[in-house]
Amino acid sequence: LLFKIEGELAPGVTGKDVILHIIGMIGVDGALYQAMEFTGSAIRAMDMDERMSISNMAIEAGGKAGLIEVDDVTRAYLDGRTERPYTEYHSDADATYAKVYEIDAASIVPTVSFPHLPSNTRPAAEARDVKIDQAVIGSCTNGRIADMRQAADVLRGRTVHPDVRCIVIPATQAVYRQCMEEGLMDVFLDANCAVSTPTCGPCLGGYMGILAAGERAIATTNRNFVGRMGDPTSEVYLSSPAIAAASAVLGHIGLPEDLD
């Protein structure tokens, strides 16, 4: 399957919003046993962190892989991260696809997945009546430095709502260290967030943020199935780091502009 996202994303729209939008379009089985290839000017304009968020969630549409063509952004990322020569593979110019989806980047808005499927998507602006008990910012989907910066930009100078637990989980020790060097940890701590060592933690219902009966969480994680993060009567809403951070301050799902 080929997804061509052309044009410029609106301010505040992230790679996470792109992949949630796509999963909402095709469903959790829309790419069953197929590879998903993402291309277009909107993809080429993204850094590696945003691209990884998109590829990470291909599996949530049933995909076998989420592919983005190697370019100078990829090569720059690999510089210093590889010890051996690597081979680049590119799709043939005349390749045929099971289906081609053409998406106008400007049509994508900040998006939230409602329980209990990643495909149950709605614009975040239509979710403001959803009160939350917890916000989780991190995971393999959105725990990279770009994600930490997004969250910090929203939380800077603000405090998490007194009725909300906000948990920040950098993806790796390197990201954790970079957060410290850039002063992001100060932002999170000043906002009354709990910062964890890199871990899956609450994402798969492991520990540190397990939801009690009836609780609701907004999370930058990848799945929101029944009981995924704790009690089977709890609910998980999926979003970008910016939306999760804004919601943590508001006490309900909302957008950063709602804080102004």
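Here are some questions and answers about the structure above.

Me: What kind of model is this, and how are the residues numbered?
Reply: This is a predicted model, where local features need pLDDT of at least 70, side-chain atom pairs count only at pLDDT 80 or more, and totals for chains, interfaces and linings use all residues. Side-chain values use heavy atoms, with hydrogens and water left out, and residues are numbered from 1 along each chain as its sequence is written.

Me: How are helix 3 and helix 6 oriented to each other: roughly parallel or roughly perpendicular?
Reply: Helices here are DSSP runs of H or I with at least four residues, strands are runs of E with at least two, and both are numbered from the N terminus. The axes of helix 3 (residues 48-56) and helix 6 (residues 145-155) come within 8 Å and cross at roughly 100 degrees; axes are lines fitted to C-alpha atoms, for helices over the stretch in contact, with angles from 0 to 180 degrees between N-to-C directions. Under 35 degrees would be roughly parallel, over 145 roughly antiparallel, 65 to 115 is roughly perpendicular, and the rest is oblique. So helix 3 and helix 6 are roughly perpendicular.

Me: Which residues of helix 3 and helix 6 make the contact?
Reply: Contact means heavy atoms within 4.5 Å. By class, there are two nonpolar, two polar and three charged residues in the contact of helix 3 with helix 6, where Ala, Val, Leu, Ile, Met, Phe, Trp, Tyr, Cys and Pro count as nonpolar, Asp, Glu, Lys and Arg as charged, and the others, Gly among them, as polar. Helix 6 brings I145, A146, D147 and Q150, and helix 3 brings D49, E50 and S53.

Me: Which residues lie nearest the centre of the largest pocket?
Reply: A pocket, on a 1 Å grid over the protein atoms alone, is an open set of points where a 1.4 Å probe fits, with protein on both sides within 12 Å along at least five of seven lines; lining residues have an atom within 4 Å of a point. Helix 3, helix 6 and helix 7 (173-181) each supply at least two residues of the lining, which has seven nonpolar, two polar and five charged residues. Of the 14 lining residues, those nearest the centre are D49, R81, I145, V175 and Q178.

Me: What is the volume of the largest pocket?
Reply: Grid points are joined across faces, edges and corners, and a volume is the space filled by probe spheres set on the points. For the largest pocket that comes to about 300 Å³.

Me: Which helix gives the most to the lining of the second largest pocket?
Reply: This pocket has a volume of about 230 Å³ and is lined by 16 residues, with G12, V13, T14, Q150 and A242 nearest its centre. Helix 6 and helix 9 (241-250) each supply at least two lining residues. The one that gives the most, with four residues, is helix 6.

Me: How many residues of helix 9 are buried?
Reply: Buried means under 20% relative accessible area, exposed over 50%, and partly exposed in between (1.4 Å probe, protein chains only). The buried residues of helix 9, including P241, A244 and L250, pack against strand 5, strand 7 (134-138), helix 5 (139-142), helix 6, strand 8 (165-169) and strand 10. Helix 9 is mostly covered, and the buried count is 10 of its 10 residues.

Me: Is T220 buried or exposed?
Reply: T220 sits in the loop between strand 10 and strand 11 (235-238). Not counting residues up to four places away in sequence, T220 touches a set of residues that includes K16, V136, N142 and A244. At 0% relative accessibility, T220 is buried.

Me: How far apart are the C-alpha atoms of G40 and I5?
Reply: G40 lies in the loop between strand 2 and helix 2 (41-44) and is buried at 1% relative accessibility. G40 touches I5 and E6, leaving aside residues up to four places away in sequence. G40 and I5 are 35 residues apart along the chain, and their C-alpha atoms are separated by 4.8 Å.

Me: What is the relative accessible area of Y33?
Reply: Y33 is in the loop between helix 1 (15-26) and strand 2 (35-39). Y33 is not a glycine, yet has a positive phi of about 60 degrees. Y33 counts as exposed, with a relative accessible area of 67%.
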